[in-house]
Amino acid sequence: MEITVRRHGESVVVSIGERIDAYGAVELDKVLADLLAEESLACMAFDMSDVRYLSSAGIRSIVRTLKILRLRKGALALCGLRSYCKNVLDTAGMTRSLDIFVSKSEAMNFLQSVQWERQALENWDNLESMDSPIGGFRFIPGDNSQTEIKVIGSVAEVLHSRVTEKRMFSRRFSQTEYSLGVGGLGDVPEDYMKVLGAMITIGGTMAWLPTDGHDLADFLVPQNDTGSVLIRTPFNLTIAGGFNEYVMFNSTEEGGTTLDKLYRGLFLLARRRRRDFKGIIGVAAWTQVSELMAGTLMRSPIDEFAPANGRTIIDPLNSGEWWSRDSIPRHRNVTCLTCGVGVDLSCDLSVFDPAGLYAGFYIDPATAGDKGHILNNHGAVFEPLQMPEKMVSLDKSIRQVSAKAEFKDMRKLRDNTKITRAFMGISYIQKFSQDTSGWQGLGAEAAVSRGLADKRYRQEADSPTVPEKREEEINKFQRFLEAQQAKLGTKN
C-alpha cells in the first residue's frame, strides 16, 4: 500500500493508498509509529481520497492515533472520505467522535486553528491583560475579518405585534449560528405561530421559550443540519463574520458583575484599544451566572393578538400583559451560554444605516433610563459546569457545555443579571445587512432580493401610511440617539 507523508507547517498530512485492510493497517502503523515518535507532533490529517476499503483494523489505527494526538492537546482530521469508508465509520459509531472534512484544505484550516489554540494556551501568561474596578480581563487575538449584524425582519414587527405568516422567515441552524430574536420550531404555521417566543442559537444549538403558558423552554442540538428542521422567525439578529478577539473575564465584585457594568467595561476598553470599534459589539459567551434576572415574553407577537389600543407591546399600558420581569433571581449559580448585542450611545453612530439600527434595536421604556447604551442579551441556562481556568476556543467550549451540562431554561436576560466569570467572543460590528433569504417560509436557496422584500413589505402593509409611519419612527429613534450623545457630552 502506498503511503505519502507531507509536512504543512507544524502539521503532517498522511495520504493513504487504496485499502486499509489487515495488511494495510500494519503498513500504516509502521509509518505512524515513526511519525508519532516525534513528541512535539500534535496535529495530523489522513487524506483518504484514494481509499476504497476500510476494515476494523484500519479503524483501530485511526482510534490509536487520535488518542495519542489528543493527549498532546492536538487533533486528527480525516478528509476525502469515499462513501464506503464513511458508511463503515457510521456503522462503527465513529463519525461523531472524529473530525471529518470534505477537502484537504478544510482539514488543514481546522488543524491550523488547533495549533493556534495550543500556542495561545502555552503563551497564556504573556497575553494582554488589564485590571479594572469590576474585574480582570485577558485578551486573545481573533479574526481580522469584517464583522456585521445580519438582521432578519424587523423588531418593529414584534413590538407592534403585527407578525403574520407572510412575514416569517425559515432558516437552517447553520445560517444563524450565533443569534438571538423571536422564533420557534414546527413543520407548519399552525405548529408555531401562536407560540412564538424568545430564542437563541449558539454553537449550532437552538433554545426557545414557547409562549404557550407553560413557561418551559425547549432545547435542540442537531447532529446533522439536513434542512428538514428549520428555525422559524419574524425577527433575528445574527453575529456574522467571526470574532475579532476573545476575552476572559473574572469579576472581583462581591456576588458578581451585572451585564450592564460588564458591557460598560467592554465599551470603555474598546474605545481605548480598538480602532475597529464603531459603537456596536456582538458578544457570544460561556458565562458563570450567580444571579439570573429574566424578562419573559408571554404572548406571541402575531397580528391576531395585537393590543386593542394600537400601542406597542412595551408601552406601559400593555407591557404588564405581554412581559414578565423578574424582581428576584430566577436562577442562581448556573452556567449560561449567552448571545447578545450592545450599542454604545456615546459613540458617533452615524456611520451605521439608521434604518438598520431601527430594524435591530429598540428603547424599552421600562429599562432605558439614562444608561447611555442599549443591550439585548439572551441565554440558554444549564446546570453548573466547571469552567476551565484557561480557554481560547469559544466554539469548542460551547460544544462542551451543550454536550456535558444538563439544560435547564432559556430566557431573555435583564441587564442586572450578575456574572462571576465569562469567556467571550467579541465582534466589533462594522455594518448592518438585511437578510431576506427564507422569506415566507421558503428555504434559504430561494433568496429574495432586498428590493423585492421591501416591495412585498409595502404591499402587505396594514395601511398606505405604514411607510410614512416607519420613517417617522426611524427619525424618532435617531433623535433619541442624538439626545443621548448630547447628554453624555460626546456629540460634536
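Predicted model: local features only at pLDDT ≥ 70, side-chain atom pairs only at ≥ 80, totals over all residues.
**Salt bridges, surfaces and buried faces**

Asp344 is buried, because its relative accessible area is 4%, and burial here means a value under 20%.

In general, side chains of opposite charge can pair when their charged atoms come close.

The structure holds 26 salt bridges, and some of them share partners: Glu128, Glu245, Arg273, Arg274 and Asp276 are joined in this way into one network.

Another salt bridge is formed by Asp215 and Arg330, whose closest N and O atoms are 3.4 Å apart. This pair links distant parts of the chain, since Asp215 sits in the loop between β14 (205-208) and β15 (218-220), whereas Arg330 sits in the loop between β21 (323-325) and β22 (331-344), 115 residues apart. Asp215 is partly exposed, with a relative accessible area of 35%, and Arg330 is partly exposed as well, with a relative accessible area of 28%.

Asp90 pairs with Lys86, with 3.3 Å between the closest N and O atoms, and both residues lie in helix α3 (residues 83-91), where they are four residues apart, about one turn of the helix. Asp90 counts as partly exposed at 35% relative accessibility, and Lys86 counts as partly exposed at 32%.

With a relative accessible area of 48%, Glu165 is partly exposed, because the exposed class begins over 50%.

Helix α10 (residues 394-404) shows how burial can be arranged around a helix. Its residues Leu394, Ser397, Ile398, Val401 and Ser402 are buried. When the reader looks down the axis of α10, these buried residues fall within an arc of 130°, so they line one face of the helix. Ala403 and Lys404, by contrast, are exposed on the other side of α10.

What about residues that are apart in sequence but can be compared in space? Asp47 is found in strand β4 (residues 43-47) and counts as buried at 13% relative accessibility. Between Asp47 and Val102 there are 55 residues of separation in sequence, and their C-alpha atoms are 9.9 Å apart in space. A second example is Gly184, which has its place in strand β12 (residues 178-185) and counts as buried, with 0% relative accessibility. Gly184 and Asp218 are 34 residues apart in sequence, and the distance in space from C-alpha to C-alpha is 9.3 Å.

The last stop concerns the backbone. Most residues other than glycine have a negative phi. Lys73, however, has a positive phi of about 65° although it is not a glycine. Lys73 is found in the loop between α2 (56-71) and β6 (75-79), and this residue is exposed, with a relative accessible area of 65%. Asn333 also has a positive phi, of about 50°, although it is not a glycine.

Methods
Residues numbered from 1 in each chain as written. Heavy atoms only, no water. Buried < 20%, exposed > 50% of the residue type's maximum accessible area, 1.4 Å probe, protein only. Helix = DSSP H or I, 4+ residues; strand = E, 2+ residues; numbered from the N terminus. Arc of directions from axis to C-beta. Salt bridge = Lys/Arg side-chain N within 4 Å of Asp/Glu carboxyl O.
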